[in-house]
Amino acid sequence: IRRRIELIQDFEMPTVSTKIKVSRDGQYIMAVGTYKPRVRCFDTYQLSQKFERCLDSEVVTFEILSDDYSKIVFLQCGRFVEFHSQHGHYYRTRIPKFGRDFSYHYPSCDLYFVGASSEVYRLNLEQGRFLNSLQTEASESNVCDVNPVHFLFAMGTAEGKVECWDPRTRNRVGLLDCALSSVTADTEIEGLPSISALKFDGALNMAVGTSTGQVLLYDLRSSNPLIVKDHHYGLPIKSIQFQHQLDLIISADSRIIKMWNKDTGKIFTSMEPEHDINDVCLYPNSGMLMTANEAPKMNIYYIPVLGPAPKWCSFLDNLTEELEENPESTVYDDYKFVTRKDLENLGLAHLIGSSLLRAYMHGFFMDIRLYHKAKMMANPFAYEEYRREKIRQKIEETRAQRVQLKKLPKVNKELALKLIEEEGEEQQISKKRKQKNLPSLLKDDRFKVMFENPDFQVDEQSEEFRLLNPLVSKISEKRKRKLKILEELEAQGQEEEEEPEGKASDAESSESSDDEKGWVEEVRKQRKLLRQEEKLKRQERLKEDQQTLLKPQFFEIKEGEEFRSFKDSAKKQKLMKKTLEDRLKLEEKLGTLNVSDTTVGSKQATFKLKKSEQQRKQQEAEKRHRQERKSLRRSASHLKSRRGRGRLFH
């Protein structure tokens, strides 16, 4: 805060600033923002705010028609067009469709409105009425601009095209397909690029910004762009400005401001503010730049290379000259950058949020003295460890100068030795031929495990190895012979391959045929040996089987069980398939339901069947039925006895 220079007092908005412009006389800076929707005017001569006016709805864009702040037009969200004069609100009207941008045509006093419609609405400020609209081929239009020299009207559409109209004849005079031209070999585009920014420069140049982050510079006499500049962020271009002293184009999206040469496309510089950018305004004929951001504070940048400071803040030039004459140390020269994890290791995590730490990117800056003190307290033996490490490095350096023995790996030592020998021979040949050495298999990470993991140990007793080993050995012998022949040829200075002296080609061919016969015989011998070994193994297995005697096996019966016959096991298996209820009923009939064992602790287990409610009701009904039948039998027998007595009496 002590090093900050505040040019204009309270140069900010309550929440967000959306647009910022400078009057033509350079005395007033006007900005609109929220919340609540308002416009603020700052007087540069007084370096303070001149007035503030609140509005009914948010401002999409605005235009200063006069040299000062006396005539202003606001395009608002609710299709309203509001006119302000020097004293305040003057008039308000509406357009048929929602507007996105407008431009003022000075010769005819016409306002051209573009927006969510295929028509361009014209409002004449001299007559105070709407004129016939311009009918375009576009479904919607995003931006528009009027050339300050010959007053050609241009509008950018949502389809990625720019339509140029002559206001005198109200006819379209040109059409540019910018969406097609913005796609180059290096760009990656998602979706159809629409036009998001448009700006004229002089009579012939026009810059177009797309919604996918490309800026195209056109000469109005050609349909192809002179240069295509990509921001590489994929964000819509918000603003385009021209800087004539250095022939620069200042283009900005919501993330970055880029300055680049309009002839070569070479980057001059770039700026990334802390907050997203909504609009950029270049103060005329100076090196001052102002931005409207997604934050209350509106930023002001002064770049002396672009031009001098404005006359109302000429003291900035003196300040920059003093800074160049007396270069000071940067702000963070005496500070150490630490991350949150480093603070936890040092035990300083409780200092987060205090004045001892300055938040920066993904960590913090802290005083270097405090860092050294905390490190000494956290690890007092750090210097001793550092000293030991340095001594060890010095010893290793001296050891490297000695004669080093080749250390073989623990796994596949013979294979490693063979590779080392072959590598040495190939290096000697490559040195003579001045060729590049091939990478070693021992140092290659892909084959590193083969010499470390015991699972990859070559089994020399296996059948595959014994059958392949004669062939491999013969091939290696051939290779060594060939290497010797090549060395002899190189020693004699022969550039072409020739037959060595004292040996004809027939002799060489006969030698190769003898070699082939030799390894074939070796393979046959190995196969015979393998068959004999298998035969011996089979005989040994038969002898072992004959020597083994089959002994009878005894089984112990559990306590409490009686052995009747082996058929009981089949009965038990059938019984286990039945339900518990059926098994208990069967045991109840057989009388084996109660099991007692007096051998250990006089245990006794009794099982009782718990009847369900339905079974109980059924049994009760059957019982009642039996009782009724008994009573009926008794009554019937009683009647018979009485009848027999009556007959006897008669």
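Visitor: Among contacts in the chain between residues at least 6 apart in sequence, how many join residues at least 24 apart?

Guide: Start with the term: contact means heavy atoms within 4.5 Å. In this chain, 43% of the contacts between residues at least 6 apart in sequence join residues at least 24 apart. A word on the source: this is a predicted model, where local features need pLDDT of at least 70, side-chain atom pairs count only at pLDDT 80 or more, and totals for chains, interfaces and linings use all residues. Residues are numbered from 1 along each chain as its sequence is written, and side-chain values use heavy atoms, with hydrogens and water left out.

Visitor: How many helices and strands does the chain have?

Guide: Helices (H or I, at least four residues) and strands (E, at least two) are DSSP runs, numbered from the N terminus. The chain has 11 helices and 32 strands.

Visitor: What is the order of the open sheet of 4 strands?

Guide: Two strands pair if DSSP finds at least two bridges between them. Here the order is β5-β6-β7-β8, and the pairing is antiparallel. Look at one pair: β5 and β6 (residues 72–76) are antiparallel and joined by 5 bridges. There, Ile-64 stands opposite Ile-72 of β6.

Visitor: Which strands form the open sheet of 3 strands?

Guide: Its order is β28-β30-β29, again with antiparallel pairing. The edge strands are β28 (335–339) and β29 (357–360), and each pairs on one side only. The twist from one strand to the next averages 35°. Between β28 and β30 (residues 363–367) there are 5 bridges. Val-338 has Phe-364 in β30 as its bridge partner.

Visitor: Which helix packs on the sheet, touching β28 and β30?

Guide: Helix α4 (residues 368–378) does, and its direction makes about 95° with that of β30.

Visitor: Is Gly-363 buried or exposed?

Guide: Buried means under 20% relative accessible area, exposed over 50%, and partly exposed in between (1.4 Å probe, protein chains only). Gly-363 has a relative accessible area of 4%, so Gly-363 is buried. Find Gly-363 in strand β30. Beyond four places in sequence, Gly-363 contacts Phe-337, Val-338, Thr-339 and Arg-358. Gly-363 and Phe-337 are 26 residues apart along the chain, yet their C-alpha atoms are separated by 6.9 Å.

Visitor: Where is Thr-210?

Guide: Thr-210 sits in strand β18 (residues 205–210). Thr-210 counts as buried because its relative accessibility is 0%. Residues up to four places away aside, Thr-210 touches several others, including Ser-182, Pro-193, Leu-216 and Ile-237. Across the whole chain of 650 residues, 33% count as buried.

Visitor: Which residues make the nonpolar surface patch?

Guide: Like charges are joined within 9 Å, and nonpolar side chains (Val, Leu, Ile, Met, Phe, Trp, Tyr) within 5 Å. Here Ile-5, Phe-315 and Leu-319 make a patch of about 240 Å². Phe-315 lies in helix α2 (residues 315–325). With 35% relative accessibility, Phe-315 counts as partly exposed.

How values were computed: Patches are made of residues with over 30% relative accessible area and no salt bridge: like charges are joined within 9 Å, nonpolar side chains (Val, Leu, Ile, Met, Phe, Trp, Tyr) within 5 Å. Accessible areas come from the Shrake-Rupley method with a 1.4 Å probe; for residues, only the protein chains shown count as cover. A salt bridge is a side-chain nitrogen of Lys or Arg within 4 Å of a carboxyl oxygen of Asp or Glu. Axes are lines fitted to C-alpha atoms, for helices over the stretch in contact, and angles run from 0 to 180 degrees between N-to-C directions.
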